[in-house]
Amino acid sequence: MSEIVPQNGNVLLTWEDLWVTASSLKDGNKAILKGLTGYARPGELLAIMGPSGCGKSTLLDTIAGRLGSSTRQSGDILINGRKQTLAYGTSAYVTQEDTLMATLTVKEAVYYSAELQLPNSMPKSEKKQIADMTMKEMGLQDAMETRIGGWIGKGISGGQKRRVSICLEILTRRKLLFLDEPTSGLDSAASYYVMKTIASQCQGRTIIASIHQPSTEVFSLFHSLCLLSCGRTVYFGPASAAID
Ligand SMILES: Nc1ncnc2c1ncn2[C@@H]1O[C@H](COP(=O)(O)OP(=O)(O)OP(=O)(O)O)[C@@H](O)[C@H]1O
């Protein structure tokens, strides 16, 4: 895989013999990821699946370069076949927790993010257009004027917060997108809607999502699957062939 170099700024991400170890006073050294190898290709949605605690978030954090200092890692993470850091603005990461400003309305949060993240050279009207389109794609039209809420009082629902978090990160259409449990808190219809929107944006982009118990409909949207169990890869390949 590492010999194929994608064009147009597209990203082929490869990880080889990846080990992650956490050390604690109580348990000593504990291996969380045990020699994982895999890849994520442009134009594809790769799902990382497996039971709770198997290492999905840790794998996502490691390949996204966000691993905390309490852990040690070894193995190679290659970008287009080389050990290199991603250029600024190449990737986006949707975390498992929604960290949103409670006092803003959905529209204010998305407009603000568009203003900050999209290039300075882009006219304000175009930024607004992109923000409006992305909110629509995430099914947030009816919640646009509602406060996000939180400590200030009830606002949008938990599922809507999840969709706002995704909306803020997909605005910029970065070449590499990581999503940690994008469908948590969403019902099955909303999960499908959100994942279908994400899958529809794969053209020229590499998308990796950790996901817990997807429905059959959501599963059918995945191109590739990395199935983990106890920190090891038990399946890596086309999602459609995984059933066998
Ligand atoms: N920094 C750390 N120190 C110690 N143990 C850790 C650390 N990070 C993760 N772990 C442990 O590693 C294992 C894998 O955690 P991880 O969050 O990657 O699992 P997951 O598959 O994403 O789980 P879930 O689906 O519940 O979110 C868990 O047992 C977790 O407690």
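Good morning. Let us begin with two helices: Val-106, Ala-109, Val-110 and Ser-113 in α2 meet Val-164, Cys-167 and Leu-168 in α4. Here, two residues are in contact if their C-beta atoms, placed from the backbone, lie within 7 Å. Helices (H or I, at least four residues) and strands (E, at least two) are DSSP runs, numbered from the N terminus.

What I show is a predicted model, in which local features need pLDDT of at least 70 and side-chain atom pairs count only at pLDDT 80 or more, while totals for chains, interfaces and linings use all residues. Residues are numbered from 1 along each chain as its sequence is written.

At what angle do α2 and α4 pack? Helix α2, residues 106-117, and helix α4, residues 158-170, pack at about 20°, and their axes are 9 Å apart. That makes α2 roughly parallel to α4, a term for angles under 35 degrees. Axes are lines fitted to C-alpha atoms, for helices over the stretch in contact, and angles run from 0 to 180 degrees between N-to-C directions. The crossing of α2 and α4 is right-handed, meaning that the near helix is turned clockwise from the far one by less than a right angle.

I turn now to the sheets. Strands of a sheet pair through backbone hydrogen bonds, either parallel or antiparallel. Two strands count as paired if DSSP finds at least two bridges between them.

Strand β1, residues 13-24, is joined to β2 by 10 bridges, and Trp-15 has Gly-38 in β2 as its bridge partner. Between β1 and β4 there are eight bridges, again antiparallel. Ala-22 has Thr-71 in β4 as its bridge partner, and Leu-13 stands opposite Ile-79 in β4.

The other open sheet has six strands, in the order β5-β6-β7-β3-β8-β9, and its pairing is mixed. Its edges are β5 (91-94) and β9 (232-238), each with a single partner strand, so one side of each is left without a neighbour in the sheet.

Which residues touch the most other members of the largest nonpolar core? Of its 57 residues, they are Leu-13, Ala-47, Ile-48, Val-106, Val-110, Cys-167 and Ile-208. Such a core is a set of buried Ala, Val, Leu, Ile, Met, Phe, Trp, Tyr and Cys residues joined through C-beta atoms within 7 Å. Buried means that 20 or more other C-beta atoms lie within 10 Å of a residue's own, exposed means 12 or fewer, and partly exposed is in between, with C-beta atoms placed from the backbone. Leaving aside residues up to four places away in sequence, Leu-13 touches Tyr-39, Ala-40, Ile-63, Ile-79, Leu-176 and Thr-206.

Finally, two loop residues. Most residues other than glycine have a negative phi. Arg-173, in the loop between α4 and β6, has a positive phi near 50°. Cys-230, in the loop between β8 and β9, has a positive phi of about 50°. Cys-230 counts as partly exposed because it has 13 C-beta neighbours inside 10 Å.

Technical notes:
Angles under 35 degrees count as roughly parallel, over 145 as roughly antiparallel, 65 to 115 as roughly perpendicular and the rest as oblique.
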